[in-house]
Amino acid sequence: MKNSNLKAVLDKFPQCRIAVIGDLMIDSYVWGLVERISPEAPVPVVQVSKTSCCLGGAANVMRNIVTLGGKVDAFGLVGNDSNGELIRQLLREYQIDPSGVLTDFDRPSIRKERVIAGSQQLLRIDYETPTAASEDLRQELTAKVKAHIASGKVQALIIEDYAKGLFSEAMTQELIDCANQYGIITVFDPNPRNPMKLRGLTAMKPNRSEAFAMAGVPQTVQKGDAANDDSLKAVADIIMSKWQVKHLLISLAAQGMALYNEDGSSMIIPTRAREVYDVSGAGDTVVATAALSLAAGCDARSAAELANYAAGVVVKQLGTATVSAAELNAALDE
């Protein structure tokens, strides 16, 4: 599709409303410089210059939707702690209603802390208890999402699984079935550490390693032209057959993206990134952009192309970043 037509899709984003359910997190950062090695152990000493935090995980998908001009409704779990309150506060700052975010009194909120020296990530510390959420909480959250879908307010449902214990196969399939009943687009971001077999999805977006894991195939070395990657095509065939998904979008890092459709067609979309500083959150941006594009009424190929441009914007920034409608417009002009 010509970039002028892609811009026309982007102009429709403000009319789109998407429900997102998934693992909500805080991404926090310790920024500084390294000038010496510690006398206590052979590790660098980071002289801290600042700290920062932002929405992460499924909440980063939500804020990408907002910065792209769309509207979003949030569903998920947070702990009964300060990080949970911070997640709700940050959602409100993006004008996202946190009423669909429930409190899990048995598990803490998820926080990922990264230590950055200059432009190099030295360490990541995860605060989490990735045990399964209670069945009562799952049922309560599922009921909220289903009622919201039935209200007719949203055009799409994004399911973001980071394998932190929120989703079971039965719960996820129930959400997909409800969305299909009301003609709602479903976009799933899977995690092989939480193996599920789901039916009826509109689109699914694993990265290359996740796709191989989902297909149960040993991963091959990524090299050459993705269009000639027979092992990737075989993996896509397995996933398409097993899951019966309409559109499978596999992100391939420097090779761009591969799109496989239920009618047997496929295409490779070359990367738009000229500089890559940090891939943190790039997958979230791809999911948000693709879902908004599908909700705006465009075809899967155009949705994948727009998502590819959006990913090219965020990987040029350090930390978990988002892309704005203005930035995406500028990328389309280049």
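So, Asp299 first: this residue caps the N-terminal end of helix H9, with a side-chain oxygen 3.1 Å from the backbone nitrogen of Arg301. Keep in mind that this is a predicted model.

Now follow H9 itself, residues 300–314. How far apart should its ends be? At 1.5 Å a residue, its 15 residues should span 21 Å, and the end C-alpha atoms are 21 Å apart, so the two agree. And H9 is mostly covered, with 14 of its 15 residues buried.

Okay, on to a pair of helices. Two packed helices are described by the angle between their axes and the distance between the axes. Here the pair is H4, residues 135–150, and H5, residues 169–181. Their axes come within 10 Å and cross at roughly 10°. Angles under 35 degrees count as roughly parallel, so that is what we call H4 and H5.

Which residues meet? From H4 we have Arg138, Leu141, Thr142, Val145, Lys146 and Ile149, and from H5 there are Met171, Glu174, Leu175, Cys178 and Ala179. Sorted by class, that contact has seven nonpolar, one polar and three charged residues. If you look at the numbering, remember that an α-helix has 3.6 residues a turn, so residues three or four places apart point the same way.

Let's stay with H5 for a moment. This helix has 13 residues and reaches 18 Å from its first C-alpha to its last, close to the 18 Å expected. Its buried residues are Met171, Thr172, Gln173, Leu175, Ile176, Cys178 and Ala179. What covers them? The cover includes H4 again, plus strands S1 (17–22), S8 (156–160) and S9 (185–189). After H5 comes Gly183, with a positive phi near 70°.

Ser38 sits in the loop between strand S2 (24–37) and strand S3 (44–57). Is Ser38 buried or exposed? The cut-off for buried is under 20% relative accessible area, and Ser38 has 14%, so this serine is buried. Its side chain reaches the backbone nitrogen of Glu40 at 3.0 Å. Not counting residues up to four places away in sequence, Ser38 touches Val43 and Val45.

Ser251, on the other hand, is in strand S11, residues 247–251. Its relative accessibility is 18%, so Ser251 counts as buried too. The side chain of Ser251 makes a polar contact with the side chain of Lys205, at 3.3 Å. Leaving aside neighbours within four places in sequence, the residues in contact with Ser251 are Lys205, Pro206, Asn207, Arg208, Gly256 and Met257.

Conventions. Residues numbered from 1 in each chain as written. Predicted model: local features only at pLDDT ≥ 70, side-chain atom pairs only at ≥ 80, totals over all residues. Heavy atoms only, no water. Axes fitted to C-alpha atoms, helices over the stretch in contact; angles between N-to-C directions. Helix = DSSP H or I, 4+ residues; strand = E, 2+ residues; numbered from the N terminus. Parallel < 35°, antiparallel > 145°, perpendicular 65-115°, else oblique. Contact = heavy atoms within 4.5 Å. Nonpolar A, V, L, I, M, F, W, Y, C, P; charged D, E, K, R; others polar. Expected span 1.5 Å × (residues − 1). Buried < 20%, exposed > 50% of the residue type's maximum accessible area, 1.4 Å probe, protein only. Polar contact = N/O pair within 3.5 Å; in protein donor to acceptor, adjacent residues only side chain to side chain.
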